[in-house]
Amino acid sequence: MKKVLLVNGSPRRNGNTAAALEIMEKELLERGLETVWFQLDGKPVRGCIACGRCASEHRCAFTDDQCNELIEKLLAADGVVVGTPVYFAGPNGALCALLDRAFYAAANFGQLLAGKPAAAIATCWRAGATPSIDRINKYFTFSQMPVVSSDYWNGYLGAQDKFGTGVLKTLANNMAKMLEA
Ligand SMILES: Cc1cc2nc3c(=O)[nH]c(=O)nc-3n(C[C@H](O)[C@H](O)[C@H](O)COP(=O)(O)O)c2cc1C
């Protein structure tokens, strides 16, 4: 059974980003896919120091945060969805710090994520979803990961956002179709 990794880049386990990913999860499960979660734990996250020690092992030399857990889950997944809350019109900084290191280790050195379909979603109060999605898509397009699209940009404004809910469902269905192909 193919497995989709759902990355909640918000430290709020039950916030809007989790809700958006749950909408997608329901669709993915209905299409016969398996899901695995990565939850940002809210503890301090290191930034990349460009030491290059990941070049051979494809793991980060820093083992005191969640980076290597994220790398293992990315490597094991067939498809990837990264969800972020919008912070000052960009993705959450702690999430970007982890993604910088995980993709440097697994993609810059070895292109180990090539071919895995991927999608970025962003939740916000009012503005900044599309630059946040664009920023996260940069990790995928660096890594030969086909970017899954929907019928609008993948922003979600919360439970009252019926339109955004539809966009996320379409996105999940397109991810499923890509994995089935
Ligand atoms: C530091 C910080 C910055 C934020 N900046 C923005 C912003 O630029 N635009 C916006 O619409 N919402 C902004 N918000 C609101 C969050 O993006 C929004 O509530 C989001 O859905 C939270 O997701 P979560 O519940 O998964 O944490 C900000 C929130 C925080 C904590």
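Gln144 is exposed, with a relative accessible area of 52%. By the convention used here, buried means under 20% relative accessible area, exposed over 50%, and partly exposed in between, with a 1.4 Å probe and protein chains only. Gln144 sits in the loop between helix 5 and strand 6. Helices (H or I, at least four residues) and strands (E, at least two) are DSSP runs numbered from the N terminus.

Colleagues, a word on the source. The model is a predicted one, in which local features need pLDDT of at least 70, side-chain atom pairs count only at pLDDT 80 or more, and totals for chains, interfaces and linings use all residues. Residues are numbered from 1 along each chain as its sequence is written, and side-chain values use heavy atoms, with hydrogens and water left out.

I return to Gln144 for its backbone. Its phi is near 60 degrees, a positive value in a residue other than glycine. Most residues other than glycine have a negative phi. Gln111 is a further case, with a positive phi of about 50 degrees although it is not a glycine. Gln111 belongs to the loop between helix 4 (93–108) and strand 5 (118–123). Is Gln111 exposed, partly exposed or buried? At 25% relative accessibility, Gln111 counts as partly exposed.

Let us turn to the ligand. Which residues lie closest to the ligand? Ser10, Thr17, Val86, Arg126 and Ala127 are the closest of the 15 residues that surround the ligand. A residue is counted as near if one of its heavy atoms lies within 4 Å of the molecule or strand in question. Helix 1 (16–30) and strand 3 (79–87) each supply at least two residues of this shell, and strand 3 gives the largest share, three residues. By class, the shell has eight nonpolar, five polar and two charged residues. In this scheme Ala, Val, Leu, Ile, Met, Phe, Trp, Tyr, Cys and Pro count as nonpolar, Asp, Glu, Lys and Arg as charged, and the others, Gly among them, as polar.

An oxygen atom of the ligand is 2.7 Å from an N or O atom in the side chain of Thr17. Backbone atoms take part as well: a ligand oxygen lies 2.8 Å from a polar backbone atom of Asn16, and a ligand oxygen lies 3.0 Å from a polar backbone atom of Trp125. Of the 640 Å² of accessible area that the ligand has on its own, the protein covers 72%. Accessible areas come from the Shrake-Rupley method with a 1.4 Å probe, and for residues only the protein chains shown count as cover.

A charge sits over a ring if NZ of Lys or CZ of Arg is within 6 Å of the ring centre and within 35 degrees of the ring normal. Arg126 lies over the face of Trp125, at 5.7 Å from the ring centre. Arg46 lies over the face of Phe62, at 4.1 Å from the ring centre.

I come now to aromatic pairs. Rings of Phe, Tyr and Trp (its six-membered ring) pair if their centres lie within 6.5 Å; planes under 30 degrees apart count as stacked, over 60 as edge-to-face and the rest as tilted. How many aromatic pairs does this rule give? The count comes to five. In one of them, the ring centres of Tyr152 and Phe163 are 5.3 Å apart and the planes stand at 85 degrees, so the pair is edge-to-face. Tyr152 lies in the loop between helix 5 (129–142) and strand 6 (155–156), and Phe163 in helix 6 (residues 162–180), so the pair ties together parts that are eleven residues apart in sequence. Tyr152 is partly exposed at 45% relative accessibility, whereas Phe163 is exposed at 54%. Elsewhere, Phe103, Tyr139 and Phe140 form one aromatic cluster.

Finally, a few separations between C-alpha atoms. Val80, in strand 3, is buried with a relative accessible area of 0%; its C-alpha is 6.3 Å from that of Leu6, 74 residues away along the chain. Glu57, in helix 2, is exposed at 57%, and its C-alpha lies 9.1 Å from that of Ala106, 49 residues apart in sequence.

Methods: Polar contact = N/O pair within 3.5 Å; in protein donor to acceptor, adjacent residues only side chain to side chain.
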